[in-house]
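Let's take a walk through this structure together, stopping at a few side chains along the way.

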Amino acid sequence: MRDILITNVRILDGSGQPPYTGSVRVRGQRIHEISRSLAPVGGFGGDALVIDGAGATLMPGMCEAHTRFSWNNAPTLAGIQNMPLEEHVLWCAKVAKSYLKAGFTSCVGAACAKPRLDVVIRNAINAGQIAGPRYLAASQEITVPGGLGDETLPHLPFPEYSFGVNVNGAEDMRKVIRMFLKYGVDTVKLNLSGDNFTPQSPARTSWMTDAEVAAAMEEVRLRGKRAAAHARSVESVKQSLRHGIQIIYHASYSDTETLDMLEAARDQVFVAPGIASIHALLHEAEPWGITNAKAREMGYQDEWDNALESLRAMHRRGVRVLPGGDYGFAFTPHCQNARDLEFFVKYLGMTPMEAIRSTTQFGGQIMMRGHELGLVKEGYLADLLLIDGDPLANIGTLREPQRILAVMKDGVLVKTPPVARERRFGGGMA
């Protein structure tokens, strides 16, 4: 493969350090050399492809920590579940490609709508059959009768016809976990709390027994995998931490004990809150029948207020808070995911640099490849973005497709910058 030289760029390396002007040489899958000057590393010799960034920002690819490729932009769980399997596979392939083009070179699956959708898409990406980010495949949501994801109907004798997979007791849990591990998932997803989206199981409630969670975690550890938890309530977050669940989704409610536990486990735990979905339900979901008054009645204003307070405290205590969550509903459509970074700055007290670190360096860590992913660093995998403008001055830039000039994954340009000639980049800079 030809080397790729990316010259005359402002390097934002993802570590939280100030940006600097330089150039980067990519060789094969990895970042081979970095220069802190306008002169390209290694010179212009050989047959390297040279991209003159003309002052654009070069940064690591982003990571979405709470991804649902199989959510089909429907307004309800039933609308997602009812898509026929064949169409659903094609939908997932299309969405995976769109995430990559939007600058998300890594994604952590948070649940899929049918048992093997995530596994099939991950395997197809890895085999080069379809374009998509690095992907960690999830199970369906695992729930209990009456909990979030239980969509069974009393007049239909089909217990499998449910958005989530129901379990009853520890041995039933063991059976379901073993099934998903057999399918090849990277992560199993447990719905420990409720959600205001389902009135019978609101966000402050908790649903699984410790025995059920312990059985799940025993099976997961035996096979070297991880578990993720839908955990909005105080008790469900504590339950996650007691049992060693490493990926906690939402964590909207907390108390001092919860925050102390999170801080003590901050080197093992990741939190992906998904606050954009709460904001959207409060302010942007009226076309789908959820007015602001209705959303408040459902409990979303209470959750929003508590989530902001809890997440600000987590950030102050050094807990890793990452972007991602619940994109793929009608009111939170796919590929607006970088909006989380804007909300982190606006509502959680992060600086733009901290928000970018949450999706780059922390992203490499949640992907379990922190030693080689998530930074612009020599020897690291060449997952890179070329951005028209300065995300530190306007973090909303990362949500504008036209500002993402180039996307590289594994040293391969999957979105190529506009060029006047092979050796020169010709786009204008903001």
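The side chain of Glu64 reaches out to the backbone nitrogen of His66, at 2.8 Å, in this predicted model. The side chain of Asn337 is another partner, in a polar contact with the Glu64 side chain at 2.7 Å. You will find Glu64 in strand E6, which covers residues 62-67. Beyond its sequence neighbours up to four places away, Glu64 touches a number of residues, including Tyr99, Phe104, Cys107, Pro323 and Tyr327. Glu64 is buried and yet has no salt bridge; the nearest side chain of opposite charge belongs to Arg68, 8.0 Å away.

Arg68 does have salt bridges elsewhere: it is linked in a network with Glu141, Lys189, Asp195, Arg232, Glu303 and Asp326. Side chains of opposite charge can pair when their charged atoms come close.

How many salt bridges does a search of the whole structure find? The search finds 31. One of these is between Arg339 and Glu284, whose closest N and O atoms are 2.6 Å apart. Here Arg339 is in helix H11 (residues 339-347), while Glu284 is in the loop between helix H8 and helix H9, 55 residues apart. Arg339 is buried, with a relative accessible area of 16%, whereas Glu284 is partly exposed at 29%. Asp388 and Arg403 form a salt bridge as well, at 3.7 Å between the closest N and O atoms. Both lie in the loop between strand E16 and strand E17, 15 residues apart, and both are buried.

Now for the cysteines. The count of disulfides is 0, taking a pair of sulfur atoms within 2.5 Å as the rule. For Cys92, the nearest cysteine sulfur is that of Cys112, 8.0 Å away. Cys107, which Glu64 touches, has the sulfur of Cys63 as its nearest, at 6.5 Å. Cys92 is buried at 1% relative accessibility, and Cys107 is buried at 0%.

Our last stop is Leu308 in helix H10, residues 300-316. Leu308 counts as buried because its relative accessibility is 6%. Leaving out residues up to four places away in sequence, Leu308 touches Ile275, Tyr347 and Leu348.

Technical notes. Residues are numbered from 1 along each chain as its sequence is written. This is a predicted model: local features need pLDDT of at least 70, side-chain atom pairs count only at pLDDT 80 or more; totals for chains, interfaces and linings use all residues. Side-chain values use heavy atoms; hydrogens and water are left out. Helices (H or I, at least four residues) and strands (E, at least two) are DSSP runs, numbered from the N terminus. Buried means under 20% relative accessible area, exposed over 50%, partly exposed in between (1.4 Å probe, protein chains only). Contact means heavy atoms within 4.5 Å. Lys and Arg count as positive and Asp and Glu as negative; His and the chain ends are not counted. A salt bridge is a side-chain nitrogen of Lys or Arg within 4 Å of a carboxyl oxygen of Asp or Glu. A polar contact is a pair of N or O atoms within 3.5 Å; within protein, one must be able to donate a hydrogen and the other to accept it, and residues adjacent in sequence count only if both atoms are side-chain atoms.
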